[in-house]
Amino acid sequence: MSSYDFEKPKNGRSYVYETEELAGLGERLIALIIDGVILGIIGGVLFSGLREGTLSSIITFLIGITYNWYFLTQQNGQTIGKHVMGIRVVKINDRPLETADVIVRYVGYYINSFLFGLGWIWAAFDNRKQGWHDKLASTLVVKA
């Protein structure tokens with residue numbers, strides 16, 4: 001397989017990313033940590049009086065989806081962490097990220113974690129550096 005073994009889009013547009021353009025796993029991890037700290041601060045400030053429980057978990061989940069939706073759909077595929085690290089999320093078919101893509105990708109974060117972190121580890125061995133969340137949402141993380 002070549003360094004760009006991505007399938008051709010049905011719409012005829014080119015969206016081939018060379019291996020060198022894919023974001024490294026270290027960059028992605030640091031971006032994830034930055035975003036996690038930001039989300040933790042937001043949750044702490046807005047809901048510091050809320051006790052742990054189902055409602056707290058649901059609100060935390062919704063804050064995470066909202067944060068990711070805004071930045072990935074409205075800010076060129078870059079959350080604050082991804083912007084700091086100079087990387088961004090793109091669709092494999094070269095179309096803009098949509099709400100459904102962001103939700104699927106974010107739910108994929110939970111799947112990655114619930115299955116003993118295997119979805120995260122997968123990216124280290126994948127030729128496109130895709131974790132399971134990327135595969136589910138048909139996304140890549142590339143250098144911005």
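I count a salt bridge when a side-chain nitrogen of Lys or Arg lies within 4 Å of a carboxyl oxygen of Asp or Glu.

**Ground rules.** I am reading a predicted model, where local features need pLDDT of at least 70 and side-chain atom pairs count only at pLDDT 80 or more, while totals for chains, interfaces and linings use all residues. Residues are numbered from 1 along each chain as its sequence is written, and side-chain values use heavy atoms, with hydrogens and water left out.

**Overall fold.** I looked up the secondary structure next. The protein chain has six helices and two strands. I take these as DSSP runs, numbered from the N terminus (helices are H or I, at least four residues; strands are E, at least two). Along the sequence the pattern reads α-α-α-β-α-α-α-β.

I then checked burial. Buried means under 20% relative accessible area, exposed over 50%, and partly exposed in between (1.4 Å probe, protein chains only). Of the 144 residues in the protein chain, 36% count as buried.

I also checked contacts, meaning heavy atoms within 4.5 Å. Among contacts in the protein chain between residues at least 6 apart in sequence, 65% join residues at least 24 apart.

**Salt bridges.** How many salt bridges does the whole structure hold? My search finds four. Side chains of opposite charge can pair when their charged atoms come close.

I went back to Asp126 and Lys135. Asp126 counts as buried because its relative accessibility is 13%. Lys135, at 36%, counts as partly exposed.

Lys91 pairs with Asp101, with 3.1 Å between the closest N and O atoms. This pair links distant parts of the chain, 10 residues apart: Lys91 sits in strand β1 (residues 87–91) and Asp101 in helix α4 (residues 99–114). Are Lys91 and Asp101 buried or exposed? Both are buried.

Asp134 bridges to Arg105, the closest N and O atoms being 2.8 Å apart. Here too distant parts of the chain are linked: Asp134 is in helix α6 (residues 132–137), Arg105 is in helix α4, and they are 29 residues apart. Asp134 has 0% relative accessibility, so I log Asp134 as buried. Arg105 is buried as well, with a relative accessible area of 4%. I noted a network of salt bridges that links Arg28, Arg105 and Asp134.

**Aromatic rings.** A pair of aromatic rings is described by the distance of the centres and the angle of the planes. I pair rings of Phe, Tyr and Trp (its six-membered ring) if their centres lie within 6.5 Å; planes under 30 degrees apart count as stacked, over 60 as edge-to-face and the rest as tilted. By this rule I get nine aromatic pairs. One is Tyr70 with Phe71: the centres are 4.9 Å apart and the planes at 80°, so the pair is edge-to-face. Tyr70 is partly exposed at 37% relative accessibility, whereas Phe71 is buried at 16%.

Which residues form one aromatic cluster? I list Phe61, Tyr106, Tyr109, Tyr110, Phe114 and Trp120.

**Helix contact.** My last entry is on α4 and helix α5 (residues 118–125), whose axes come within 6 Å and cross at roughly 95°. The axes are lines fitted to C-alpha atoms, for helices over the stretch in contact, and angles run from 0 to 180 degrees between N-to-C directions. I therefore call α4 and α5 roughly perpendicular. Tyr109, Asn112 and Ser113 of α4 make the contact with Leu118, Gly119 and Trp120 of α5.

Definitions and conventions. Parallel < 35°, antiparallel > 145°, perpendicular 65-115°, else oblique.
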